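Please read these numbered points with the model open beside you.

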2 protein chains.
Amino acid sequence: MCAPSLISTVHEELSRRHFLGVLGGAVAAASVTGAAQPSAKPLRLAKGFRDTFDLTHTLSSRTPVYPAFRSMQFVEKFTIAKDGFGCGELTFNEHTGTHMDAPAHFIAGRSSVDRLPVDRFFAPLAVISIKARVDKSPDTAVTVDDILAWEKLHGRLPAGAFVAMYSGWDTRITDAARFLNADAKGTMHTPGFGGEAVKFLTEQRDIVGVGVDTLSLDLGTSATPVAHLTVLGAGKYGVEVIANLAAVPAAGATLIVGAPKHLGGTGGPVRLYAVA
Amino acid sequence: MCAPSLISTVHEELSRRHFLGVLGGAVAAASVTGAAQPSAKPLRLAKGFRDTFDLTHTLSSRTPVYPAFRSMQFVEKFTIAKDGFGCGELTFNEHTGTHMDAPAHFIAGRSSVDRLPVDRFFAPLAVISIKARVDKSPDTAVTVDDILAWEKLHGRLPAGAFVAMYSGWDTRITDAARFLNADAKGTMHTPGFGGEAVKFLTEQRDIVGVGVDTLSLDLGTSATPVAHLTVLGAGKYGVEVIANLAAVPAAGATLIVGAPKHLGGTGGPVRLYAVA
């Protein structure tokens, strides 16, 4: 369904890589270490901002996860009393807490977390609230009309935007049953992006990714993961389980994604900021 | 040795916390989720910057770690072919790869990673190169004279600065033996911050933290972890195993720390950027 955008994104990625490869010889340290080169284009950061927002939930063994996953484990390995320093060992599924979905999460052969270009982690942030509808029914999707309504108020989505759904779901984080909101058959009743909306965003607009305050880009009731397949299939990334979007301006803020960088990762916990 | 700075830092932290507590009632979502409040003061971000630098090594099972730690483990739990999506489980020691040391790493009762105020993760970056000396002998420390020499060139360290040692060590990351550089007795021969230098930075200057491209803030040959105890004891944080500092301007860039945020963490992998 998104073949044209897939093709153009592949072309875009190839030309980016070629460009980075050309630059690569000039900065030996970066080539050796796998650190990315400086971005070739100016950052799209808002100027003169004075507020920093932390959009990250604190990660713990009580953080809700998909039923198929184990919760995060923390094992104390060294203590100040015994060893002079404290240090623990963490074990978690990549898709735990406030986290990224890389294209490789659903699309074989596409970018893993360590391969995504750094300049995509600094993005104009658009927050689309569907909380009023969600308060009536959680089986509610972000639609093309929601996006157009946002644009009517704030202007066309800026180039390289990150589009976040705010549904009010983050306040449920301390109660796993309410966060998952599964019925007796195990179907989750949680809001997300509709198929037409992500098709519109990836084909008609220039975005770096989309995010949600729930556990999934997709509606819990969606029979197929159409939002995942469309967004990741277009080479964009997702961020799930976002906190604190209620505090951020609907337009004008800049998202900064402190992305995971483990080799071949399909995703992982992020530190997510907005500055405005 | 740093009692006066400890006391003033404790006062500072208490007043910050009080202030955050007062603010807390106003933003219910943030209180519930543990997300930090907007920073109360304007960000010290450089304006009009056009380059983004990734100062983060790619994390893998081959990333060098202290001999007492296990290397990072990645276990594939779900695959696109079998499950429709790919997803792995990660296990690692908190102090692995490009990572943060929180005050709680060495000082009982002090801030864990989830407790550090977010505005400290956006900081003017000062890069002090001691590579020329390190090329002759790795048992070389950043001194007060090195800091004063930097200030002679670039002016006094800005308020809230992050001071990074560049020694050229990051190019060794792909070879654990060269990165650890241990002798037959197990003593590492790696550069770091000298005791007088960190005393000067924490008592005579206003910093948020210090960083190194080696595995430790301290010299490998240091009998006591004086740099850790002084920096973390003053309520500042450290970042170790930084990549790519050769590419960053010595002055004028802004560090952005995508910090870990797990409950009670003594440290953890970061995504580290500089913008200039």
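1. In strand 10 of chain A, A:Gly238 is the residue that A:Val210 stands opposite. Strand 9 of chain A and strand 10 (residues 237-240) run in the parallel sense and are paired over three bridges. Strands here are DSSP runs of E with at least two residues, helices are runs of H or I with at least four, and both are numbered from the N terminus. Two strands count as paired if DSSP finds at least two bridges between them.

2. Between these two strands of chain A the chain passes through helix 8 (residues 226-233), and this β-α-β crossover from strand 9 to strand 10 is right-handed.

3. The model is predicted; local features need pLDDT of at least 70, side-chain atom pairs count only at pLDDT 80 or more, and totals for chains, interfaces and linings use all residues. Residues are numbered from 1 along each chain as its sequence is written, while chains are lettered from A and ligands numbered from 1 in the order in which they are written.

4. Strand 9 (residues 207-212) of chain A is mostly covered, since six of its six residues are buried. A residue is buried if 20 or more other C-beta atoms lie within 10 Å of its own, exposed if 12 or fewer, and partly exposed in between, with C-beta atoms placed from the backbone. Strand 9 of chain A also pairs with strand 7 (residues 161-166), in the parallel sense and over five bridges. There, A:Phe162 stands opposite A:Gly209.

5. How do helix 7 and helix 8 of chain A lie against each other? The axes of helix 7 (residues 195-204) and helix 8 of chain A come within 9 Å and cross at roughly 5°. That makes the two helices of chain A roughly parallel. Axes are lines fitted to C-alpha atoms, for helices over the stretch in contact, and angles run from 0 to 180 degrees between N-to-C directions. Angles under 35 degrees count as roughly parallel, over 145 as roughly antiparallel, 65 to 115 as roughly perpendicular and the rest as oblique.

6. On the helix 7 side of chain A, the residues in this contact are A:Gly195, A:Val198, A:Lys199 and A:Thr202; from helix 8 they meet A:Val226, A:Ala227, A:Thr230 and A:Val231. A contact means that the C-beta atoms of two residues, placed from the backbone, lie within 7 Å. By class, the contact of helix 7 with helix 8 of chain A has four nonpolar, three polar and one charged residues. Ala, Val, Leu, Ile, Met, Phe, Trp, Tyr, Cys and Pro count as nonpolar, Asp, Glu, Lys and Arg as charged, and the others, Gly among them, as polar.

7. An open sheet of nine strands in chain A has the order 1-13-11-5-7-9-10-4-12, with mixed pairing. Strand 1 (52-54) and strand 12 (267-269) of chain A stand at its edges, each with a single partner strand, so one side of each has no neighbour in the sheet. Neighbouring strands of this sheet are turned by 25° against each other on average, direction ignored. Strand 11 (residues 253-258) and strand 13 (residues 271-275) of chain A pair in the antiparallel sense over five bridges, and A:Val257 has A:Leu272 as its bridge partner in strand 13.

8. Chain A has eight helices and 13 strands. Of its 276 residues, 54% count as buried. Among the contacts in chain A with a separation of 6 or more, 75% come from residues 24 or more positions apart.

9. A:Phe74 lies in strand 2 (residues 73-78) of chain A. Is A:Phe74 buried or partly exposed? A:Phe74 is partly exposed, because 18 other C-beta atoms lie within 10 Å. Leaving out residues up to four places away in sequence, A:Phe74 touches A:Ser61, A:Gly88, A:Leu90 and B:His262.

10. B:Asn181 counts as buried because it has 20 C-beta neighbours inside 10 Å, and B:Val241 counts as buried with 30.

Terms used. Right-handed = clockwise from strand over helix to strand, strands pointing away.
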